[in-house]
Amino acid sequence: MTTITTAPEPRAYTMTTISHEWSSGICDCFKDLPHCCFAFWCFPCFACKTASEAGECLCLPLLDSFGIIPPITLSLRVSVRQRYGIEGTICNDCVCAFCCGPCSWCQIAREIKSRKNPLTFVNMASS
């Protein structure tokens with residue numbers, strides 16, 4: 001007599017982290033060095049790509065040169081912060097946009113990347 005046993009298929013488990021903080025700091029470029037190198041060597045292209053990934057017009061960052069506080073950097077930073085429920089203030093966003101524009105764009109890009117790609121675990125245990 002033969003006994004047939006079947007093992008259950010592994011089930012994917014997607015884990016999302018809901019945090020009210022940025023996933024990286026404003027100067028954490030070493031967490032994603034390719035993004036930061038791209039921003040350093042071709043900042044206008046990087047900003048346009050990041051705006052597109054955020055669901056905005058591709059050429060929108062090119063308008064940043066018309067203000068003391070870059071309006072597009074500020075508005076996109078506030079938009080991403082509100083979309084993902086990140087705590088902060090408009091004053092802090094103004095300081096980041098004015099003093100650390102490229103670093104702010106890198107932080108926005110890292111945030112979009114980390115929030116769009118949740119961790120996926122495969123459960124191999126039988127139940």
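A salt bridge is a side-chain nitrogen of Lys or Arg within 4 Å of a carboxyl oxygen of Asp or Glu. This is a predicted model, where local features need pLDDT of at least 70 and side-chain atom pairs count only at pLDDT 80 or more, while totals for chains, interfaces and linings use all residues. Residues are numbered from 1 along each chain as its sequence is written, and side-chain values use heavy atoms, with hydrogens and water left out.

**View 1. A network joins R77, R81 and D93.** Welcome to the first close-up! Salt bridges link R77, R81 and D93 in a network. In total, the structure holds six salt bridges. Side chains of opposite charge can pair when their charged atoms come close.

View 2. Helices are DSSP runs (H or I, at least four residues) and strands are runs of E (at least two), numbered from the N terminus. Relative accessible area tells us how open a residue is: buried means under 20%, exposed over 50%, and partly exposed in between (1.4 Å probe, protein chains only). K49 is partly exposed at 35%, and E53 is partly exposed at 29%.

**View 3. K113 reaches D32 across the chain.** Here a salt bridge joins K113 and D32, whose closest N and O atoms are 3.3 Å apart. The pair links distant parts of the chain, 81 residues apart: K113 belongs to helix 5 (residues 101-116), whereas D32 is in the loop between strand 1 (11-15) and helix 1 (33-41). D32 counts as buried because its relative accessibility is 10%, while K113 is partly exposed at 40%.

**View 4. D28 pairs with K31.** The closest N and O atoms of this salt bridge are 3.8 Å apart. D28 is partly exposed, with 26% relative accessibility, and K31 is exposed, with 59%.

**View 5. I68, I69 and F98 make a nonpolar surface patch.** This patch has an area of about 330 Å². Patches are made of residues with over 30% relative accessible area and no salt bridge; like charges are joined within 9 Å, and nonpolar side chains (Val, Leu, Ile, Met, Phe, Trp, Tyr) within 5 Å. Accessible areas come from the Shrake-Rupley method with a 1.4 Å probe, and for residues only the protein chains shown count as cover. F98 lies in helix 4 (residues 90-99) and is partly exposed, with a relative accessible area of 48%.
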